[in-house]
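Let's take a walk through this fold, one piece at a time. Keep the picture open while you read.

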Amino acid sequence: TINFVDNQECVDLIDKKPLGLLHLLDEECIFPKGSDRSFIDKCHANNVKSNFYIKPKKDWQVSFLICHYAGKVTYDVTGFLDKNKDTVSSDLLTVLSKSEDPFIRELFPSPPAHSMGDSKSPRNRMTMKPSKSGQGMVTVGSQFMGQLQSLMIILQSTAVSYFRCINPNMKKIANDFEGNFVLTQLRYSGMVEVVKIRQNGFGVRRPFKDFINTYKICSPDLWKTTPTPEALMKALGFADSKDWQVGKTKIFMRENMLQRLEEIRSAMLQSFVIKIQRRWRVYVARTYFLDAKLLFVALQSV
């Protein structure tokens, strides 16, 4: 088993229905008498048992603390309801949709005439006014969750490669590497956990043919044969090791096993290089000796 830090409980605390913080905030925006105080009371009542939620010691404080992966963060909810109900003016969207910049027009397209009354239209969802019951209102939080859900659908349907950018220093200057600052970023971004998972898991995967062609050189007894991965690993003395497994078409290895194989291969290649150098030097020296011998014999016969 591979042990890793699972942040799912913290994510559920924020957006899981029906008691996630964002859902509680949207619910409070619906009630006519909703306030920051009533919202924070609901947060305390429904999430105080969570390992990632901390209630302030003083009851008069309208704030809470969340234990994120990178550290603890305190949130002051003053004005949360007003900001969550903040909507973009339809007049502003009209101006943006008629911008001379094509990129701006693409971000804020003009909706078709037949969709002006459609609440599912992206533009109407941004500007829709709440009904008397508050059910028709789309908040900033719900827009964020909708965009996040759309992003997750795209990520799950594609093969994603992540690139993590690390700042070498706080000053943003060249040739200045601050080790502690970089290490903090690696820890907070989860890269240390990724390295541990790669070390504990079978991160190295080689097709049988590629593996045999690469490491067959390490066992001279198998040079004239076509061994299986199991036979090759047995010949190298790793038959009982738990750092490798054989699949249907590939061999799976841990990072330390790859390093050991590379060390053996490097040592074998170095020995071959030394032998080639020795033979070449013998050839050069013998050729020089024979040429010199013929020359001396020719001089003596004069």
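## The sheet

In this predicted model, three strands come together as an open sheet, and their order across it is 4-6-5. The pairing is antiparallel. In general, the strands of a sheet are held together in pairs by backbone hydrogen bonds, and they can be parallel or antiparallel.

If you ignore direction, neighbouring strands here are turned against each other by 20 degrees on average.

## Zooming in on one pair

Now look at strand 4 and strand 6 (residues 250-253): they run antiparallel and are joined by four bridges.

## A helix across the strands

Next, find helix 11 (residues 208-215), which lies across strand 4, strand 5 and strand 6. Helix 11 runs at about 95 degrees to strand 4.

Over to another part of the chain: the axes of helix 2 (residues 21-30) and helix 3 (residues 36-47) come within 10 Å and cross at roughly 140 degrees. The crossing of helix 2 past helix 3 is right-handed.

Which residues make the contact? From helix 2 you get Leu21, Leu24, Leu25, Glu27 and Glu28, while helix 3 brings Ser38, Phe39, Lys42, Cys43, Asn46 and Asn47.

Conventions: Residues numbered from 1 in each chain as written. Predicted model: local features only at pLDDT ≥ 70, side-chain atom pairs only at ≥ 80, totals over all residues. Heavy atoms only, no water. Axes fitted to C-alpha atoms, helices over the stretch in contact; angles between N-to-C directions. Helix = DSSP H or I, 4+ residues; strand = E, 2+ residues; numbered from the N terminus. Left-handed = near helix turned anticlockwise from the far one by under 90°. Contact = heavy atoms within 4.5 Å. Pairing = 2+ DSSP bridges.
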